[in-house]
Amino acid sequence: MNNHIAHIAVYFRKLHKFAGLKLYVNIVCMMGVSMLEGAGLFLFIPMLGLIGVFDTASADNIPFLSALMSPLGELPIGWRLPAVLGVFMLSVWTQAFLQLRLVNRNEAIEAGFIRHLQVELYQSLLQSSWSFFLTKRRSDFVHVMMQELSRASNGVYLSISLLSTCLFTLVQIGLAAWLSWPLTASILVCGVIMALILRPYHQRSKRNGERLSALMREFYAGMTEHFNGIKEIKSNRMEERHMGWFRDTSGELEQNAIMYTKLQSSSRFCYKAATGLLMALFVLCSVKLLHIPPEKLIVISLIFTRLWPKFSSLQSKWQRLAQTIPAFNSLQCLRMEYEAAKELDINEDVMDDNRVRMAHGIECRNVSYRYDRSRADFALEHIDLWIPANSMTAVVGKSGAGKSTLIDLLIGLMQPETGEVFADGELLVGERAVSFRRNVSYVAQEPFLFHASIRDNMFIAAPEVTEAMIWEALSFAAAEDFVRKLPQGLDTVLGDRGVRLSGGERQRIVLARAILRKPSILILDEATSALDGENEAKIQEALIRLKGSMTIIVIAHRLSTIRDANQVIVLEDGRLARSGGFQQLAKESDGVFGKLLSYQMTSSV
Ligand SMILES: Nc1ncnc2c1ncn2[C@@H]1O[C@H](COP(=O)(O)OP(=O)(O)OP(=O)(O)O)[C@@H](O)[C@H]1O
C-alpha cells in the first residue's frame, strides 16, 4: 500500500512540476463547482420555507440558514421567492460556466502532460546508446508510447478531480462538524469502515492494472513479431500456431477487462448496501438518541447527502487511479532505463552543428568487445588496425566473424570493452563519438526507407539539397533510370519500409541518399548484395570515382566487389587474420583471404 501511495505521489509531483499554478487554479475551480452545487441544494430550504412547506422562523438557530434568511426578511414578501430563485439561477449559471471552462482547461493540462511525457520518453530513447538499444525489444517501446500513455492520460483527469474532491470533502466535513460534531464524527467513522471494507477491491484493482500492463506488452510484442515475420508465417504454414497464440492472449485481455468491471460493480454494490444501512442508522440515532430538531436534521441530512457520495467518489477514483498507475510506472521505468544509458543531449547537439571532416584516419588499438559480459566469447578480440582517410577499406570474413561489430566500434556507436578507437588521433568516446557520426553515412545490410516519396526520403537525410543534386546522386547510385520510369518519378511514395521496390532498387536509393549527405566516411555494410552484376559494376565505378574524396569502408561477402580497395581487412572468429592490399592477399593462396577467394571462384564456376 505504501509503495502504491509512493507511486501516486511520484505521479502527482510530476503533474505539479508540469502544470504548476494552472493545476491548482483548476482544483480550486472544481471545488467552486462542487460548492455551488451544494449552495443550490441549500437554497431549497428557504424556497421550501417561502412556499410554506417549512417554518422559516425555526431556521434562526441554524448556522448559514439564519444568515441566508435574515437579508430575505428585509425584502417585501412578494419579492422573497423571486429573489431566492434569482440567486439559485445565478449559482446554477456560474456553476455551468465554470464547468465549461474547466473541461477545456483540464483537457489542456491532460493533453499537455501526456505530450510532455511522450517527448521526454522519445528524447531519452534517441539519446540512449546503441549498445543499450540492442538489449531492448522495440515493441516494448511502441506499447508504452501508445497504450500505456493513453491509460496514463486517463490518470491525469482522475488525479485532478481526486485532489479537488479531497479538498471539497474536507471543507464539507468542517461545515458538518460545525452543525453537529457527534453526527459528523459518526459519518467519518462509517467512512473509515467503508474504506476498510473496500480496501481488498482496491488492491485487486491495482493487481489487475499491473497484469493489464504486462498483457498488453506481450500482445504488442507478439503482434510486432507477427507482422515482421508474416511472410515466414504464410510461407511455412504456421498460421494455426499464431492464431492460437492470438486467441489465448486476447482471451486473457478479455478476462482482464471483465475482472475490472466486476471489481468496480462489486465495490459499488458493497458501497450501496452499506449506505442504505448507514442512512437508516443515521436517522435513527439523530431522532432517537441525539434528539436533533427536524429543521436541523434537514440541513445535516443535506450535508450528509452531499458528503457521503464524495466518499464513494473518492474511493472509486482512487480505485480507477490504482488501475492506471501501473501504466504510468512502466512509462517511468522505461524512461529511467533509457536515461541511464544516455550518450548525448539532443538539444545541446543541435547547437554544435559544425561538421569537422576527418583528415588523417581511424585507428583501433588492441580493441576487444563482448555483447554479453557474462559470457566468455568475444565478438572481437585484440584488434589493431589503421584506416587512412579518403581511402577505400574492405572488411571481409565469414558470417559471424565480427565485421558489423567492427564497424559499430569504428564509428563510436559502441565502446570497446578494452582497447581504444581514435579518429584523427582523438579518442572516440562521449560527445566526440556522437559528433563524429555527423560525418558518417551508413548504408545497412537491410536498406531502410521511410514510407514517403523518394524526394522526401532524400530530404530527410539532407534537407538543403536541390532537385538537380538528387538526380545526380541517383545517377551516381545507378538508380536514375528506374526512378524516371516510376509513375510519379521522385514523388512516387514508397510503401511501408520501401516494399514497392525490389531489394536491389531499395539498396540503390539508400546509397543515393547516403551519398547526398556528402559524408566524410561512407560505410556500405553488404550494401550491394542484392544487386545484379550490371548494377553492381555501376556502383563499383561510382565508388572508384568517390575514392580520394571520402573514406569508404565496405563490408562485402562477394569479394569481386572489393577489387579496387586500397586495403583489405580479413576477420576470422573475431580476430584480425590479415590485412593488406587486395592483390597482395590474393596471392597468399594458403591464407584466409586466399582461401575465401578461391572458394568463391570455384563456387561461381
Ligand atoms: N546484438 C547482439 N547480441 C549478441 N551477440 C551478437 C549481437 N550481434 C552480433 N552478435 C554476435 O557477435 C558476433 C559477430 O557478429 P557480427 O554481426 O559482427 O558478424 P558479421 O561478420 O557482421 O556477420 P554477418 O556477415 O553474418 O553479418 C557473432 O558471433 C554474433 O552472434
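The model is predicted: local features need pLDDT of at least 70, side-chain atom pairs count only at pLDDT 80 or more, and totals for chains, interfaces and linings use all residues. Residues are numbered from 1 along each chain as its sequence is written.

**Annotated spans**
- An unreviewed UniProt entry lists residues 23–45, 77–98, 155–173, 179–198 and 269–290 as "transmembrane region". Such annotations may be inferred rather than shown by experiment.
- Residues 155–173 are 100% helix and 0% strand, with end C-alpha atoms 26 Å apart. Helices are DSSP runs (H or I, at least four residues), strands likewise (E, at least two), numbered from the N terminus.
- Residues 269–290 are 95% helix and 0% strand, and their end C-alpha atoms lie 30 Å apart.

**Nonpolar cores**
- The largest nonpolar core has 74 residues. A core is a set of buried Ala, Val, Leu, Ile, Met, Phe, Trp, Tyr and Cys residues joined through C-beta atoms within 7 Å; buried means 20 or more other C-beta atoms within 10 Å of a residue's own, with C-beta atoms placed from the backbone.
- V396, A477, L511, A512, V554 and V568 have the most contacts inside this core.
- Helix α18 (residues 503–516) gives the core its largest share, 7 residues.
- Beyond neighbours within four places in sequence, A477 contacts R508, L511, A512, I515, I539 and A542 (C-beta atoms within 7 Å).
- A second, separate core of 27 residues includes Y11, A152, L163 and A322.

**Ligand shell**
- Around the ligand are L134, Y371, A379, G397, S399, G400, A401, G402, K403, S404 and T405 (C-beta atom within 6 Å of the molecule).
- Helix α13 (residues 403–410) supplies the largest share, 3 residues.
- The shell divides into 4 nonpolar, 6 polar and 1 charged. Ala, Val, Leu, Ile, Met, Phe, Trp, Tyr, Cys and Pro count as nonpolar, Asp, Glu, Lys and Arg as charged, and the others, Gly among them, as polar.

How values were computed: A residue is buried if 20 or more other C-beta atoms lie within 10 Å of its own, exposed if 12 or fewer, and partly exposed in between; C-beta atoms are placed from the backbone. Two residues are in contact if their C-beta atoms, placed from the backbone, lie within 7 Å.
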